[in-house]
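Q: I have a structure open and would like to go through it with you. Could we take the helices, the charged pairs and the core in turn?

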Amino acid sequence: MICFVTAFPAEARPLITEYQFKLIYSSPFPVYQSDFGYLTVSGLGKKSAAKAVSHLACLAPADSVWINVGIAGHRNSAVGTPFLAHKIVDLETGKNWYPQILFQPACGTAAVFTANRCENEYKEDALYEMEASGFYEEAMRVSTAELIHSFKVVSDNTTSPAGKISPK
């Protein structure tokens, strides 16, 4: 089983369609189920992501794969470019995690920096977003590193700022 955690409904929509997820309940987080696994929409921020993981862990089998799917900003990568996290950094606490990638990903990998608010400066050559560290830290309580990943798609950069992001 795969447990997907997204922050926003627009991030969840393609997964819901592709894997035919059906809503099984909506409180405190919307939870969807299919033969493929589970999906929940956490809302914005690392604390919400951590709570959603904890909530979904009550339903998921112990050997589930956990994937945080979402959008992120990057200094110079084109909008729409996919990345798998090889490092996750919480900019508030300074904590770091290194997901174990035991397969050849179909996309590039990058460091993911979790900030408390939208980052527009992109100081490092990394992805900037607001959920991965909360997701990863909590998922490590219910699973093992090789089963936990964060997949991000570039939504903004220096030439296409975050203010221009749309659900499309």
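A: Let us begin with the outward side of helix 1: the face turned away from its buried side carries the exposed residues Pro14, Thr17 and Glu18. Please keep in mind that this is a predicted model.

Q: Which residues of helix 1 are buried, then?

A: Within helix 1, which spans residues 9-18, the buried residues are Glu11, Ala12, Leu15 and Ile16. Viewed down the helix axis, they fall within an arc of 130°, so they line one face of the helix.

Q: What about the backbone just after helix 1?

A: Gln20, just after the helix, takes a positive phi of about 55°.

Q: Changing topic: how many disulfides are there?

A: A search of the whole structure finds zero. For Cys3, the closest cysteine sulfur is that of Cys58, and at 11 Å it is too far for a bond.

Q: On to charges. How many salt bridges are counted?

A: The count comes to six. One of them joins the side chains of Lys46 and Asp90, at 2.8 Å from N to O. This pair links distant parts of the chain, since Lys46 lies in helix 2 (residues 46-57) and Asp90 in strand 6 (residues 82-90), 44 residues apart.

Q: Is that pair buried or exposed?

A: Lys46 counts as buried at 13% relative accessibility, and Asp90 counts as buried at 4%.

Q: Which residues are linked with them in a network?

A: The network of salt bridges links Lys46, Asp90 and Glu92.

Q: What does Lys152 pair with?

A: Lys152 forms a salt bridge with Glu129, and their closest N and O atoms are 3.0 Å apart. This pair also links distant parts of the chain: Lys152 is in strand 10 (residues 148-156) and Glu129 in strand 9 (residues 127-129), 23 residues apart. Both residues are buried.

Q: And Glu138, what does it meet?

A: The side chain of Glu138 meets that of Arg141 in a salt bridge, at 3.0 Å from N to O. The two are three residues apart in helix 3 (residues 132-142), and therefore separated by about one helical turn. Glu138 is buried at 17% relative accessible area, whereas Arg141 counts as exposed at 59%.

Q: Last topic, the core. Which residues have the most contacts inside the largest one?

A: The largest nonpolar core has 26 residues, and those with the most contacts inside it are Val5, Leu56, Trp66, Ile88, Leu127, Phe135 and Tyr136. The elements giving two or more residues to this core are strand 1, helix 2, strand 5, strand 6, strand 8 (108-114), helix 3 and strand 10.

Q: What does Tyr136 touch, leaving aside its neighbours within four places in sequence?

A: Tyr136 is then in contact with Ile88, Trp97, Tyr98, Pro99, Gln100, Ala145 and Ile148.

Notes. Residues numbered from 1 in each chain as written. Predicted model: local features only at pLDDT ≥ 70, side-chain atom pairs only at ≥ 80, totals over all residues. Heavy atoms only, no water. Disulfide = S-S within 2.5 Å. Buried < 20%, exposed > 50% of the residue type's maximum accessible area, 1.4 Å probe, protein only. Helix = DSSP H or I, 4+ residues; strand = E, 2+ residues; numbered from the N terminus. Arc of directions from axis to C-beta. Salt bridge = Lys/Arg side-chain N within 4 Å of Asp/Glu carboxyl O. Core = buried A, V, L, I, M, F, W, Y, C linked by side-chain atoms within 4.5 Å. Contact = heavy atoms within 4.5 Å.
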